[in-house]
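Visitor: Please show me the sequence and the model, and then take me through the details by question and answer.

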Amino acid sequence: MLSVNGVAGKVLKDSLKLSGKKGACFTLRDPKSKKEGNRDRNLPKVKALNVSWNYSWNTAYVPGQPNTIEFVPMVWSARSMEKLQQRLLTDVIPQIKA
């Protein structure tokens with residue numbers, strides 16, 4: 001049983017299973033970013049691939065993502081338990097509850 005701040009269940013509840021196997025990862029930064037891989041450029045690629053899920057190297061939901069494609073948050077580079085818990089509380093757990 002897994003429990004994180006009020007979200008409890010098996011490691012993977014049936015309601016959290018993805019609708020398909022095909023997924024994609026593209027960097028979906030804010031378009032104002034000077035770095036490569038912004039969402040204006042890459043979201044059309046995600047849509048064109050006809051995937052059932054995607055992630056974007058971040059925990060936060062990407063604005064403009066179609067509701068037909070499941071967003072999978074990625075947690076990486078948490079340098080401390082406090083930072084990890086904060087990202088889970090602000091980004092991941094609200095998505096699970098929604």
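Predicted model: local features only at pLDDT ≥ 70, side-chain atom pairs only at ≥ 80, totals over all residues.

Guide: Residues are numbered from 1 along each chain as its sequence is written, and side-chain values use heavy atoms, with hydrogens and water left out.

Visitor: In what order do the three strands form the open sheet?
Guide: Helices (H or I, at least four residues) and strands (E, at least two) are DSSP runs numbered from the N terminus, and two strands pair if DSSP finds at least two bridges between them. The edge strands, each pairing on one side only, are β3 (23-25) and β5 (70-71). The pairing is parallel, and the order is β3-β4-β5.

Visitor: Which residue of β5 is the bridge partner of asparagine 54?
Guide: Strand β4 (residues 53-55) runs parallel to β5 and is joined to it by two bridges. The partner of asparagine 54 in β5 is phenylalanine 71.

Visitor: At what angle do the ring planes of tyrosine 55 and tryptophan 57 lie?
Guide: Rings of Phe, Tyr and Trp (its six-membered ring) pair if their centres lie within 6.5 Å; planes under 30 degrees apart count as stacked, over 60 as edge-to-face and the rest as tilted. By this rule there are three aromatic pairs. Tyrosine 55 and tryptophan 57 form an edge-to-face pair, with 5.6 Å centre to centre and an angle between the planes of 70°.

Visitor: Why is the pair of tyrosine 61 and phenylalanine 71 edge-to-face?
Guide: Tyrosine 61 lies in the loop between β4 and β5 and phenylalanine 71 in strand β5, so the pair ties together parts that are ten residues apart in sequence. The ring centres are 5.8 Å apart, and the pair counts as edge-to-face because its planes lie at 85°.

Visitor: Is phenylalanine 71 buried or exposed?
Guide: Buried means under 20% relative accessible area, exposed over 50% and partly exposed in between (1.4 Å probe, protein chains only). Tyrosine 61, at 43%, is partly exposed. Phenylalanine 71 has a relative accessible area of 6% and is therefore buried.

Visitor: Which residue forms a salt bridge with aspartate 30?
Guide: A salt bridge is a side-chain nitrogen of Lys or Arg within 4 Å of a carboxyl oxygen of Asp or Glu, and the structure holds one. Aspartate 30 is partly exposed at 36% relative accessibility. With the closest N and O atoms 3.9 Å apart, the partner of aspartate 30 is arginine 39.

Visitor: How far from aspartate 91 is the nearest side chain of opposite charge?
Guide: Lys and Arg count as positive and Asp and Glu as negative, whereas His and the chain ends are not counted. Aspartate 91 lies in helix α2 (residues 81-97). Aspartate 91 is buried yet has no salt bridge, and the nearest side chain of opposite charge, arginine 87, is at 4.4 Å.

Visitor: With which side chain does the side chain of aspartate 91 make a polar contact?
Guide: A polar contact is a pair of N or O atoms within 3.5 Å; within protein, one must be able to donate a hydrogen and the other to accept it, and residues adjacent in sequence count only if both atoms are side-chain atoms. For aspartate 91 the polar contact is at 2.5 Å, with the side chain of threonine 59.
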